[in-house]
Amino acid sequence: MENNLPALRAERGWSQQRLADELGVSRQTVISIEKGRYDASLPLAFSLARVFTCRIEDIFTPEC
């Protein structure tokens, strides 16, 4: 699954640690999601959408 988390973070000027703190997860989790090594759980995907005030589909796209 591809994602645009780095771009969303950059728009807000947030570090990976800041996003991790907002989500209540480790920085390693954010890194793993951004690099596509880990797919976010559904609850975490909803938390990301809430933090960035957008839809889950605006963050994640399936790989074709």
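1. I'd start with R9, which counts as buried at 12% relative accessibility (buried is under 20% relative accessible area, exposed is over 50%, partly exposed is in between, with a 1.4 Å probe and protein chains only). A word on the ground rules: this is a predicted model, where local features need pLDDT of at least 70 and side-chain atom pairs count only at pLDDT 80 or more, while totals for chains, interfaces and linings use all residues. Residues are numbered from 1 along each chain as its sequence is written, and side-chain values use heavy atoms, with hydrogens and water left out.

2. R9 belongs to helix α1, residues 5-12 (helices are DSSP runs of H or I with at least four residues, strands are runs of E with at least two, and both are numbered from the N terminus). Leaving aside residues up to four places away in sequence, R9 touches W14, S15, Q16, L19, E34 and F52 (contact means heavy atoms within 4.5 Å). Its side chain also reaches the backbone oxygen of W14 at 2.9 Å. That counts as a polar contact, meaning a pair of N or O atoms within 3.5 Å; within protein, one must be able to donate a hydrogen and the other to accept it, and residues adjacent in sequence count only if both atoms are side-chain atoms.

3. What does the side chain of R9 meet in a salt bridge? The partner is E34, at 2.5 Å from N to O (a salt bridge is a side-chain nitrogen of Lys or Arg within 4 Å of a carboxyl oxygen of Asp or Glu). This pair links distant parts of the chain, with E34 in helix α3 (residues 27-34) and R9 in helix α1, 25 residues apart. E34 is buried as well, with a relative accessible area of 15%.

4. R18 and E22 meet at 3.1 Å, N to O. They are four residues apart in helix α2 (residues 16-23), so about one helical turn separates them. R18 is partly exposed at 38% relative accessibility, and E22 is partly exposed at 36%. D58 and R55 form a salt bridge at 3.0 Å, N to O, with D58 partly exposed at a relative accessible area of 34%.

5. Now the aromatics: searching the whole structure turns up one aromatic pair. W14 and F52 make a tilted pair, 5.8 Å centre to centre with 40° between the planes. For the cut-offs, rings of Phe, Tyr and Trp (its six-membered ring) pair if their centres lie within 6.5 Å; planes under 30 degrees apart count as stacked, over 60 as edge-to-face and the rest as tilted. W14 sits in the loop between α1 and α2 and F52 in helix α4, 38 residues apart, so the pair links distant parts of the chain. Both W14 and F52 are buried.

6. On to the core. The largest nonpolar core has 18 residues, and those with the most contacts inside it are L5, L19, L48, F52, I59 and F60 (a nonpolar core is a set of buried Ala, Val, Leu, Ile, Met, Phe, Trp, Tyr and Cys residues joined through side-chain atoms within 4.5 Å). Two or more residues come from each of α1, α2, α3, α4 and α5. The biggest giver is α4, with six residues. As for L5, it touches I33, E34, L48, F52 and I59, not counting residues up to four places away in sequence.

7. Which residues of helix α4 (residues 42-52) are buried? They are L44, A45, S47, L48, A49, V51 and F52. Their cover includes α1, α2, α3, α5 (56-59) and β2 (60-61).

8. Check T53, in the loop between α4 and α5. Its phi is positive, near 50°, in a residue other than glycine. Most residues other than glycine have a negative phi. T53 is exposed, with a relative accessible area of 69%.

9. Last, N4 lies in the loop between β1 (2-3) and α1 and is partly exposed at 28% relative accessible area. The C-alpha atoms of N4 and I59 are separated by 5.6 Å, although the residues are 55 apart along the chain. Not counting residues up to four places away in sequence, N4 touches D58 and I59.
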